[in-house]
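Please keep the sequence and the model in view while reading.

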Amino acid sequence: MDFEPWWLIFVPVLFALGWLAARFDIRQMLRETRSLPDSYFRGLNFLLNEQPDRAIDAFVEVAKLDPETTELHFALGSLFRRRGEMERAIRVHQSLLSRSDLPAAEREHAQHELAQDFLKAGMLDRAESGFEQLKDTRYALPALRSLIRIFESEHDWPRAIEAVKTLQGLVDEPVPQIVHYYCEQAQTALTAKPPDVDAAHKALDAADHALSTTDAAAGKGAMVRTAMLRARLALMEQDPKRERLYLESVMTDAPEYAGLVAEQLLANYRAANQVAAGLEFLQKQYQRHASLDLFNVVFRELRVQQGSAVAWTFARGALRSHPSLLGLDRLLEAELASPETGAGEQEQGPVPGADLTLLRSLIHKHTQRLDRYACRSCGFQARRFYWQCPGCNAWETYAPRRLEELE
């Protein structure tokens with residue numbers, strides 16, 4: 001293609017058009033900026049400096065000058081909710097919903113924000129109603145997840161299960177806590193007066209089916225809980241062989257949870273007059289996977305079956321391999337509680353001249369903070385093991401080991 005000189009005319013023309021467009025955009029931006037009150041920029045500056053209290057005051061002033069600004073109202077409502085001023089957050093979002101000229105998309109947004117306000121304020125009935133109204137909107141998924149949280153907090157396990165099934169129909173994502181919902185149903189049936197054995201079997205069958213679709217690593221805790229409930233159900237039905245099968249499956253498939261079932265397994269052997277075999281099984285389990293809870297059970301049973309000397313020999317070896325103040329505290333407690341130690345005598349242990357009462361009191365002060373389970377998600381600590389954390393409501397976040405073992 002030949003170059004034509006008259007094409008050069010386009011260069012200044014294009015430059016002029018670009019210059020005019022830039023001038024127009026700048027002028028338009030300046031006009032819009034001047035129309036915004038100074039309080040708006042002060043509020044933004046406070047937010048950037050992480051001063052939400054002063055930002056709220058500035059935005060409230062802007063909202064009074066321009067009550068039609070919906071985005072500013074949404075920002076105010078979120079700030080109020082973050083600060084815990086739920087009444088003010090609710091009023092802001094209710095005022096938006098009361099506007100007849102509010103577009104449908106913004107009305108759905110306001111409804112979702114209001115439902116979140118009710119949820120954080122603990123007004124579960126109103127929160128549930130608000131989220132139910134969002135089922136056919138673009139907020140259907142977050143609303144459904146919030147409904148699951150509400151049903152969990154209300155222990156309404158059937159509705160929680162149905163909500164999870166609905167969620168799985170909308171998105172392809174695993175929800176492993178559904179196994180725990182069935183376990184909760186089974187546990188409720190077993191603790192009823194009288195126990196509803198049929199309902200427990202039905203719930204545990206559903207839990208097993210849900211487990212089959214769950215990743216093995218993610219659902220290990222749920223598997224253990226299901227086996228433990230199966231063992232409890234077998235005990236109620238006077239089927240010790242099946243009970244032992246489920247308890248030993250926990251020891252084999254999830255040895256880190258052995259401490260949770262060791263007492264029940266030993267009781268099963270005791271009921272069959274096989275305490276020696278039961279103790280031997282637990283000792284072998286401890287050699288493979290040592291844990292503090294399992295150590296306590298083995299030490300106490302050794303003391304009963306074979307005497308203090310054998311028990312202390314085991315304890316010394318165990319504490320050398322796995323040093324633990326909690327372990328030492330537990331065995332001193334067992335020694336002091338023994339009828340072999342006379343109340344009016346100087347408590348002497350296997351170590352000559354050792355004042356066990358003094359030794360234990362010194363150790364116990366340091367072990368109280370270690371004798372707890374802890375949530376891996378929020379850090380909430382408790383003396384008993386929970387499948388669902390009481391602090392953050394997350395499932396399977398408690399390691400089946402005491403704090404000292406995790407440090």
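A crossing is called left-handed if the near helix is turned anticlockwise from the far one by less than a right angle, and right-handed if clockwise. The model discussed here is predicted.

## Helices H10 and H12

H10 passes H12 in a left-handed crossing. Helix H10 covers residues 178-190 and helix H12 covers residues 220-236; the two pack at an angle of about 20°, and their axes are 10 Å apart. Because angles under 35 degrees count as roughly parallel, H10 is roughly parallel to H12.

On the H10 side, the residues that meet H12 are Val179, His180, Cys183, Glu184, Ala186, Gln187 and Leu190. Their counterparts in H12 are Ala222, Arg225, Thr226, Leu229, Arg232, Leu233 and Met236. By class, the contact of H10 with H12 comprises eight nonpolar, three polar and three charged residues.

## Helices H9 and H10

H10 also packs against helix H9 (residues 157-170): their axes come within 9 Å and cross at roughly 160°. Angles over 145 degrees count as roughly antiparallel, and therefore H9 is roughly antiparallel to H10. The crossing of H9 and H10 is left-handed.

From H9, the contact draws on Trp157, Pro158, Ala160, Ile161, Val164 and Lys165. From H10, it draws on Ile178, Tyr181, Tyr182, Glu184 and Gln185. Eight nonpolar residues, one polar residue and two charged residues make up the contact of H9 with H10.

## Helices H12 and H13

H12 packs against helix H13 (residues 240-253) at an angle of about 160°, with the axes 7 Å apart. This angle makes H12 roughly antiparallel to H13. H12 and H13 cross in a left-handed sense.

The H12 residues in this contact are Lys220, Met223, Val224, Ala227, Arg230, Ala231, Ala234 and Leu235. They meet Arg242, Glu243, Tyr246, Leu247, Ser249, Val250 and Asp253 in H13. The contact of H12 with H13 has nine nonpolar residues, one polar residue and five charged residues.

## Backbone features in loops

Lys193 and Pro194 are joined by a cis peptide bond, with omega of about -5°. Pro194 is located in the loop between H10 and helix H11 (197-212).

His155 is not a glycine, yet it has a positive phi of about 60°. His155 is located in the loop between helix H8 (140-153) and H9.

## Annotated cysteines

Which residues does UniProt list for "binding site"? The unreviewed entry gives Cys375, Cys378, Cys389 and Cys392. These positions are spread over 18 residues of sequence but cluster in space, the largest C-alpha distance being 8.7 Å. From this set, Cys392 is part of the lining of the largest pocket.

Where in the chain does Cys375 lie? Cys375 is found in the loop between strand S1 (373-374) and strand S2 (381-382).

Note on methods
Residues are numbered from 1 along each chain as its sequence is written. This is a predicted model: local features need pLDDT of at least 70, side-chain atom pairs count only at pLDDT 80 or more; totals for chains, interfaces and linings use all residues. Side-chain values use heavy atoms; hydrogens and water are left out. Axes are lines fitted to C-alpha atoms, for helices over the stretch in contact, and angles run from 0 to 180 degrees between N-to-C directions. Helices (H or I, at least four residues) and strands (E, at least two) are DSSP runs, numbered from the N terminus. Angles under 35 degrees count as roughly parallel, over 145 as roughly antiparallel, 65 to 115 as roughly perpendicular and the rest as oblique. Contact means heavy atoms within 4.5 Å. Ala, Val, Leu, Ile, Met, Phe, Trp, Tyr, Cys and Pro count as nonpolar, Asp, Glu, Lys and Arg as charged, and the others, Gly among them, as polar. UniProt positions are given in the numbering used here, feature names are shortened, and annotations may be inferred rather than shown by experiment. On a 1 Å grid over the protein atoms alone, a cavity is a set of points where a 1.4 Å probe fits but cannot get out, and a pocket is an open set with protein on both sides within 12 Å along at least five of seven lines; lining residues have an atom within 4 Å of a point.
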